[in-house]
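Here is a short report for a first look at this model. Keep the sequence and the 3D view open while you read.

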Amino acid sequence: MHKPHLHVVPYGSDWNIKREGNEKAIATFKTQKEAFEKAREMAKVEKCDVMIHGENGKIRERYSYAD
């Protein structure tokens with residue numbers, strides 16, 4: 001069974017990683033790229049998906065690491 005998906009979301013001028021269904025951020029990064037790289041590492045271990053949100057908050061990309 002996989003863990004809930006990870007979301008890379010805008011947070012002011014920074015970017016957060018949040019687990020689906022949880023309001024609290026796992027981590028905060030200065031750039032979307034840094035946040036995505038960390039989320040991707042986590043997703044490969046946890047076998048879940050990463051959703052990348054644009055600055056408007058809408059999902060613009062999805063990457064699946066759920067074997």
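## A pair of strands

V9 stands opposite N16 in β2. Strands β1 and β2 pair in the antiparallel sense, over 6 bridges. Strands here are DSSP E runs of at least two residues, helices are H or I runs of at least four, and both are numbered from the N terminus. Two strands pair if DSSP finds at least two bridges between them.

This is a predicted model: local features need pLDDT of at least 70, side-chain atom pairs count only at pLDDT 80 or more, and totals for chains, interfaces and linings use all residues. Residues are numbered from 1 along each chain as its sequence is written, and side-chain values use heavy atoms, with hydrogens and water left out.

## The sheet

The open sheet has 5 strands in the order β3-β2-β1-β4-β5, with mixed pairing. Its edge strands are β3 (25-29) and β5, and each pairs on one side only. From one strand to the next, the twist averages 20 degrees. Axes for such angles are lines fitted to C-alpha atoms, for helices over the stretch in contact, and the angles run from 0 to 180 degrees between N-to-C directions.

## The nonpolar core

The largest nonpolar core has 13 residues. Such a core is a set of buried Ala, Val, Leu, Ile, Met, Phe, Trp, Tyr and Cys residues joined through side-chain atoms within 4.5 Å. Buried means under 20% relative accessible area, exposed means over 50%, and partly exposed is in between (1.4 Å probe, protein chains only). The residues with the most contacts inside the core are L6, V8, I17, A39, A43 and V50. At least two core residues come from each of β1 (6-11), β2 (14-19), α1 (32-46) and β4 (49-53). Helix α1 gives the most, with 5 residues.

What does I17 touch, not counting residues up to four places away in sequence? Its contacts (heavy atoms within 4.5 Å) include L6, V8, A25, F29, A39 and M42.

## An aromatic pair

The structure holds 1 aromatic pair. Its members are F36 and Y63, tilted, at 5.0 Å centre to centre and 40 degrees between the planes. Rings of Phe, Tyr and Trp (its six-membered ring) pair if their centres lie within 6.5 Å; planes under 30 degrees apart count as stacked, over 60 as edge-to-face and the rest as tilted. F36 lies in helix α1 and Y63 in strand β5, so the pair ties together parts that are 27 residues apart in sequence.

F36 counts as buried, at 16% relative accessibility. Y63 counts as partly exposed, at 30%. Y63 sits in β5 (residues 59-64). Leaving out residues up to four places away in sequence, Y63 touches F36, C48, D49, V50 and I52. The side chain of Y63 also makes a polar contact of 2.4 Å with the side chain of E61. A polar contact is a pair of N or O atoms within 3.5 Å; within protein, one must be able to donate a hydrogen and the other to accept it, and residues adjacent in sequence count only if both atoms are side-chain atoms.

D49 is found in β4. D49 is buried, with a relative accessible area of 5%. Its side chain makes polar contacts with the side chains of R62 (2.6 Å) and S64 (2.8 Å).

K47 lies in the loop between α1 and β4. K47 is not a glycine, yet has a positive phi of about 55 degrees. Is K47 buried or partly exposed? K47 is partly exposed, with a relative accessible area of 38%.
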